[in-house]
Amino acid sequence: REMGSFRLIELLGSGGMGEVWRAEHRMLARPAAIKLIRAKNQGASYRELIRRFEREARATATLRSPHTVQIYDFGTTDDGTFYYVMELLEGYDLETLVTQSGALPPERAIHLLRQACRSLAEAHQGGFIHRDIKPANIYSCRYGDEFDFVKVLDFGLVTSGGTLDRRQSTLTSVGTIAGTPGYMAPEMAAGNREVDWRADLYALGCVAYWLVTGKPVFENESSVETLIDHARTSPVPPSQRAPQPIPPDLDEIILACLQKDPMNRPQSADEIAESLGRVYLANPWTRGRARRWWLANPPSRQLPAEPAHAQATPIPETETKVLAPSR
């Protein structure tokens with residue numbers, strides 16, 4: 001089947017409301033990943049969904065950071081299927097990387113996090129908030145002759161402007177807010193109307209915690225319990241849960257990102273990147289080390305961006321409103 005100038009080749013993944021296919025350009029034989037969004041009932045809710053994904057495609061396409069996934073094309077087929085075409089990535093998302101390989105050495109975690117900061121810095125400067133930063137949405141790739149090259153994916157919950165427009169907060173369905181509980185900032189868990197870019201910085205702190213410990217910040221049986229912990233409970237320092245020594249400065253940076261009050265966190269992705277760059281490392285993560293790791297651990301296949309909303313968990317607003325951070 002053809003989508004614009006591209007031809008579908010192989011189904012790579014599915015979940016939620018979407019599918020991702022490996023595709024090739026008809027004339028250039030250029031590999032790509034195509035995300036398809038389908039719905040049986042193409043009523044008002046589906047039209048709103050399509051408008052949302054159009055916003056995602058347009059927003060992502062305006063970003064020029066090499067660490068943000070590239071969008072090549074998008075459109076709607078005759079049968080109402082929305083699609084957009086993005087670059088096909090060869091590598092591991094950070095969820096899979098840590099699950100398969102264990103907690104990363106601090107120097108490698110810093111190398112990956114600084115690149116993610118560059119993607120977020122540009123997005124935030126343009127007025128965009130990702131709102132679903134998590135390990136599954138950050139890829140470490142073999143990219144040309146670069147190894148451990150980071151791409152941030154799935155700006156599927158993106159909003160524009162300095163703060164969240166309440167009309168856009170019901171991103172999954174009426175009466176819910178969307179996100180991933182293990183990486184949701186306290187102000188999002190509380191249903192706060194004033195969610196801004198600093199929610200992404202909190203989530204990046206959660207990602208950093210996962211990278212160096214191999215564990216989420218809070219481990220609970222239910223999403224609501226996890227949200228309550230993010231809103232009210234101080235995290236255990238990563239240095240106390242990591243299987244290897246963590247530089248004190250890195251410990252402090254991660255805990256700073258995880259502050260409940262956005263004003264007490266770093267105030268920009270650039271600030272985090274600069275702080276990470278000042279951490280003393282006895283054995284830095286070099287290009288040679290990265291190359292050796294990738295040659296010893298080649299990905300089994302090219303991996304696509306997962307369909308947006310496939311893992312994002314809808315949380316009823318009636319539950320989130322009781323989770324205001326304790327003062």
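In this predicted model, P106, A109, L113, A116, C117, L120 and H124 of helix α3 meet D200, L201, L204, V207, A208, L211 and V212 of helix α5. By class, this contact of α3 with α5 comprises twelve nonpolar residues, one polar residue and one charged residue. Helix α5 also packs with helix α2, and it is among the elements that cover the buried residues of helix α8.

**Packing of α3 with α5**

- The two helices pack at an angle of about 165 degrees, and their axes lie 10 Å apart.
- Because angles over 145 degrees count as roughly antiparallel, α3 and α5 are roughly antiparallel to each other.
- The crossing that α3 and α5 form is right-handed.

**Packing of α2 with α5**

- Helix α2 spans residues 94-101 and helix α5 spans residues 198-213; they pack at an angle of about 20 degrees, with 9 Å between their axes.
- That angle makes α2 roughly parallel to α5, since angles under 35 degrees fall in this category.
- In passing α5, helix α2 makes a left-handed crossing.
- On the α2 side the contact is made by L94, E95, V98 and T99, and on the α5 side by V207, W210 and L211.
- By class, five nonpolar residues, one polar residue and one charged residue form the contact of α2 with α5.

**Buried face of α8**

- Helix α8 covers residues 269-277, and its buried residues include A269, I272, A273, S275 and L276.
- These residues lie on the same side of α8, because they cover an arc of only 165 degrees around the axis.
- An α-helix has 3.6 residues a turn, so residues three or four places apart point the same way.
- The cover over the buried residues of α8 includes α3 (residues 106-125), α5 and α7 (residues 248-257).

**R108 within α3**

- R108 is located in helix α3.
- With a relative accessible area of 2%, R108 is buried, because the cut-off for this class is under 20%.
- Not counting residues up to four places away in sequence, R108 touches L97, D148, W285, W293 and W294.

Definitions and conventions. Residues are numbered from 1 along each chain as its sequence is written. This is a predicted model: local features need pLDDT of at least 70, side-chain atom pairs count only at pLDDT 80 or more; totals for chains, interfaces and linings use all residues. Side-chain values use heavy atoms; hydrogens and water are left out. Axes are lines fitted to C-alpha atoms, for helices over the stretch in contact, and angles run from 0 to 180 degrees between N-to-C directions. Helices (H or I, at least four residues) and strands (E, at least two) are DSSP runs, numbered from the N terminus. Angles under 35 degrees count as roughly parallel, over 145 as roughly antiparallel, 65 to 115 as roughly perpendicular and the rest as oblique. A crossing is left-handed if the near helix is turned anticlockwise from the far one by less than a right angle, and right-handed if clockwise. Contact means heavy atoms within 4.5 Å. Ala, Val, Leu, Ile, Met, Phe, Trp, Tyr, Cys and Pro count as nonpolar, Asp, Glu, Lys and Arg as charged, and the others, Gly among them, as polar. Buried means under 20% relative accessible area, exposed over 50%, partly exposed in between (1.4 Å probe, protein chains only). The arc is that of the directions from the helix axis to the C-beta atoms.
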